[in-house]
Amino acid sequence: MLHVVLVAPEIPPNTGNIGRLCVAAGATLHLVHPLGFSLEEKQLKRAGLDYWQHLTLREWQNWAAFADTCPPDHWVLFTTKATRSHFEHTFRDGDHLIFGCETRGLPVELIEAQRERCVRIPIATEARSLNLSTAAGIGLYEAKRQLLAAPRRAE
């Protein structure tokens with residue numbers, strides 16, 4: 001089981017799309033408050049379609065509540081500030097793929113404290129970043145690809 005963690009997401013359609021992505025990938029979605037929207041918003045529901053009812057969703061009042069419950073040995077922090085690509089990371093069952101909010105990304109203090117757990121998605125220098133739901137899809141499906149390929153590597 002993989003987990004996608006959104007820290008203070010701001011845009012409802014992104015979170016709705018990521019919820020639908022998690023259902024399709026069999027992953028749990030964790031939302032770390034504060035949220036920039038209500039979970040009842042139409043845009044969130046529209047983007048999540050009728051998948052939202054099948055979503056395994058966990059909410060956390062703040063980062064500290066999440067961090068106290070989910071120890072960092074399975075954290076993978078996605079940030080444009082990382083030097084190592086997500087392709088260089090070996091994903092494991094139970095990993096929590098952590099993404100920051102759309103406008104600021106993850107807090108600098110968190111990135112600095114967890115530098116060895118940070119990865120980036122390679123993008124052209126002309127682009128600052130990817131859309132949050134696109135980045136979550138890239139990260140989640142690379143983790144799934146690695147986990148599905150793992151038994152074949154052992155043979």
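# Burial, pairing and a pocket

Q: Why is cysteine 101 called buried?
A: Its relative accessible area is 5%. The term buried means under 20% (exposed is over 50%, partly exposed in between; 1.4 Å probe, protein chains only). Cysteine 101 therefore counts as buried.

Q: What kind of model do these values come from?
A: This is a predicted model, in which local features need pLDDT of at least 70 and side-chain atom pairs count only at pLDDT 80 or more, while totals for chains, interfaces and linings use all residues. Residues are numbered from 1 along each chain as its sequence is written, and side-chain values use heavy atoms, with hydrogens and water left out.

Q: How many disulfides does a search of the whole structure find?
A: The search finds zero. A disulfide needs two cysteine sulfur atoms within 2.5 Å. For cysteine 70, the nearest cysteine sulfur is that of cysteine 22, 14 Å away. For cysteine 101, the nearest is that of cysteine 118, at 15 Å. Neither cysteine 70 nor cysteine 101 is in a disulfide.

Q: What makes cysteine 70 buried?
A: The relative accessibility of cysteine 70 is 7%, so this residue is buried.

Q: Why is alanine 24 called exposed?
A: Alanine 24 has 56% relative accessibility and so counts as exposed. Its place is in helix α1, residues 12–25; helices (H or I, at least four residues) and strands (E, at least two) are DSSP runs, numbered from the N terminus.

Q: What makes the pair of tryptophan 63 and tryptophan 75 edge-to-face?
A: The whole structure has five aromatic pairs. In the pair of tryptophan 63 and tryptophan 75, the ring centres are 5.1 Å apart and the planes stand at 65°, so the pair is edge-to-face. Rings of Phe, Tyr and Trp (its six-membered ring) pair with centres within 6.5 Å; planes under 30 degrees apart are stacked, over 60 edge-to-face, the rest tilted. Tryptophan 63 belongs to helix α3 (residues 63–69) and tryptophan 75 to strand β4, so the contact ties together parts 12 residues apart in sequence.

Q: How do you know that phenylalanine 66 and tryptophan 75 are stacked?
A: The centre-to-centre distance of phenylalanine 66 and tryptophan 75 is 6.0 Å, and the angle between the planes is 25°. Trp60, Trp63, Phe66 and Trp75 form one aromatic cluster.

Q: Which strands are called edge strands, and why?
A: The open sheet has six strands in the order β3-β2-β1-β5-β4-β6, with parallel pairing. Strands β3 (56–60) and β6 (118–119) are the edges: each pairs on one side only.

Q: How do you know that β4 pairs with β6 and with β5?
A: Two strands pair if DSSP finds at least two bridges between them. Strand β4 (residues 75–78) has two bridges to β6, in the parallel sense, and three to β5, also parallel. Leucine 77 has cysteine 118 as its partner in β6 and isoleucine 98 as its partner in β5. Phenylalanine 78 is bridged to valine 119 of β6, and valine 76 stands opposite leucine 97 of β5.

Q: How many bridges join β1 to β5?
A: Four bridges link strand β1 (residues 3–7) to β5, and the two run parallel. Valine 5 is placed opposite isoleucine 98 of β5.

Q: What makes both faces of β4 covered?
A: Trp75 and Leu77 on one side, and Val76 and Phe78 on the other, are all buried. In strand β5 (residues 96–99), His96 and Ile98 point one way, Leu97 and Phe99 the other, and all are buried.

Q: Which residues are closest to the centre of the largest pocket?
A: The largest pocket has a volume of about 500 Å³. Of its 23 lining residues, Phe78, Thr79, Thr80, Ser129 and Leu130 are closest to the centre. A pocket is an open set of points on a 1 Å grid over the protein atoms alone, where a 1.4 Å probe fits, with protein on both sides within 12 Å along at least five of seven lines; lining residues have an atom within 4 Å of a point.

Methods:
Points joined across faces, edges and corners; volume = space filled by probe spheres on them.
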